[in-house]
Amino acid sequence: MPASDDTLADIYAEVLRRNPGETEFHQAVHDMLASLGPVVAKHSKYVDAAVVRRMCEPERQIIFRVPWVDDAGEVQLNRGFRVEFNSALGPYKGGLRFHPSVYLGIVKFLGFEQIFKNALTGMPIGGGKGGSDFDPKGRSDAEVMRFCQAFMTELYRHLGQYTDVPAGDIGVGGREIGYLFGQYKRITNRYESGVLTGKGLSWGGSQVRTEATGYGTVYFTREILDARGDSFDGKRVVVSGSGNVAIYAIEKVHQLGGTVVACSDSSGYVVDEKGIDLDLLKDVKNVRRARIAEYAAARGASAHVSDRGTVWQVPCDVALPCATQNELDGPDATALIEHGCRVVAEGANMPCTPDAVRRFAEAGVVVAPGKAANAGGVATSALEMQQNASRDSWSFEHTEERLAVIMRNIHDRCLETADEYGAPGNYLAGANITGFIQVADAMLALGVI
Ligand code: NAP
């Protein structure tokens with residue numbers, strides 16, 4: 001943060017003091033405050049009314065015990081979280097993450113990012129996030145169901161279609177949303193479709209929700225390329241991860257004429273010079289729930305697996321980090337730059353470290369921040385809420401067209417705002433400032449609450 005921005009520096013120091021040890025949350029706040037100098041210089045009302053300070057403090061944080069019984073009859077214990085961060089624009093909205101690394105600092109970083117991402121969509125949704133340190137890997141369906149039921153048995157009292165509406169994230173897909181919704185319905189005796197998004201198509205879900213984050217990231221990237229008179233045609237693309245976001249990013253890149261030559265999971269990465277075979281990848285990851293090495297084994301000569309280095313060593317024109325936070329660091333950025341990568345769009349939340357972002361900026365590589373590039377998921381969740389409220393169900397084509405338009409609008413607003421605040425072409429500044437102003441204005445209008 002520039003030294004002259006004393007007020008913002010004081011606010012950041014206060015965040016560090018009030019939230020010790022929550023390093024990912026610190027990083028997310030720092031990333032936002034670093035963009036706000038020109039905004040508070042122009043509009044002192046945002047600091048006068050303590051808007052920025054209030055924004056850095058969640059409205060509510062819920063931490064709860066989740067006891068459940070495994071298949072062997074043993075009692076297991078996990079910790080559940082829901083951070084209801086900001087409801088100035090609408091009910092809290094944001095996913096649930098089930099992963100052993102989950103603790104309060106991760107949930108708060110994700111919730112903080114979600115506030116501004118949701119604002120960027122232009123939909124009436126506030127920001128929140130939740131999850132648990134439960135690890136679904138290696139658990140039977142019955143165990144996952146019992147965990148989800150125990151988790152919702154506490155969480156349900158904090159939810160509601162006008163209050164707080166969770167969705168999926170890492171480790172929470174259609175199976176988990178089903179078990180969570182079933183338990184919510186059982187406890188409340190209400191078929192309240194709008195209380196969760198990411199539902200199955202036969203019980204209140206929306207077309208394109210499953211695909212939306214990955215598709216949206218690629219649509220956003222298409223806009224970046226288009227603004228430079230370029231396209232995906234013939235581009236080599238590397239995607240990290242092989243979960244929900246990664247799989248549908250790969251699908252859309254292929255539909256738009258690019259070739260994804262590598263993807264990964266937490267055990268390593270595969271390189272496939274013929275282009276990732278998506279049917280095989282879906283079978284390995286979604287049906288067999290196996291490791292990425294099984295893809296290479298089944299694919300034959302064109303593919304090989306590696307557990308050395310990272311997927312960012314593979315040369316590409318476009319990189320789409322779609323796995324997790326801080327997965328692409330400074331040396332990874334340098335490898336991508338040296339191999340000629342020109343565009344990085346974050347399908348995951350905060351996947352590039354600050355060092356990587358700095359190196360990309362110095363090298364003139366375009367970086368689209370997650371809060372803009374991956375906003376298609378939550379935007380389509382809001383479309384799901386709209387359909388639930390009107391008891392309607394839209395076609396795949398109509399919903400996908402809405403998604404493409406939303407991503408184009410986010411892209412254009414980011415660029416316009418970046419221009420207005422003296423940072424032309426800087427998507428990070430554009431996204432941070434656009435999201436901030438929208439939330440800040442609503443907070444000012446609602447008074448000190
Ligand atoms: P997912 O389906 O659970 O897939 C996550 C993928 O990332 C898996 O391939 C996983 O590999 C890999 N991964 C997770 N932790 C990792 C680690 N520490 N190191 C290396 N790889 C790791 O989750 P997802 O829904 O695709 O979410 C991926 C990212 O997108 C997250 O940052 C999430 O917050 C963000 N996002 C998701 C949505 C959405 O709609 N789902 C919306 C916006 C943003 P393993 O299977 O080996 O763990």
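This is a short tour of one predicted model, stop by stop. Local features are reported at pLDDT of at least 70 and side-chain atom pairs at pLDDT 80 or more, while totals for chains, interfaces and linings use all residues. Residues are numbered from 1 along each chain as its sequence is written, and side-chain values use heavy atoms, with hydrogens and water left out.

**Domains**

Start by colouring residues 1-57 and 427-449 as domain 1, 60-191 as domain 2 and 212-364 as domain 3. These bounds come from an automatic or database domain assignment.

**Between domain 2 and domain 3**

Ten residues of domain 2 are in contact with eight residues of domain 3, contact being heavy atoms within 4.5 Å. About 690 Å² is buried between the two domains, with 44% of that from carbon and sulfur atoms. Buried area here is the accessible area (1.4 Å probe) that two parts lose on being put together, summed over both. Select F109, K137 and R175: they supply 47% of the area that domain 2 buries against domain 3, more than any other three residues.

Two residue pairs are in polar contact across this interface. A polar contact is a pair of N or O atoms within 3.5 Å; within protein, one must be able to donate a hydrogen and the other to accept it, and residues adjacent in sequence count only if both atoms are side-chain atoms.

**The ligand**

Now show the ligand and the 25 residues around it, of which K137, D169, T213, S266 and N349 come nearest. A residue is counted here if one of its heavy atoms lies within 4 Å. A ligand oxygen is 2.7 Å from a side-chain N or O atom of T213. At S266, a side-chain N or O atom is 2.4 Å from an oxygen of the ligand. For V245, select the backbone: a polar atom there is 2.9 Å from a ligand oxygen.

**A salt bridge**

Finally, select R236 and E273, whose side chains meet in a salt bridge at 2.9 Å, N to O. The term means a side-chain nitrogen of Lys or Arg within 4 Å of a carboxyl oxygen of Asp or Glu. The whole structure has 32 salt bridges, but the count between domain 2 and domain 3 is zero.
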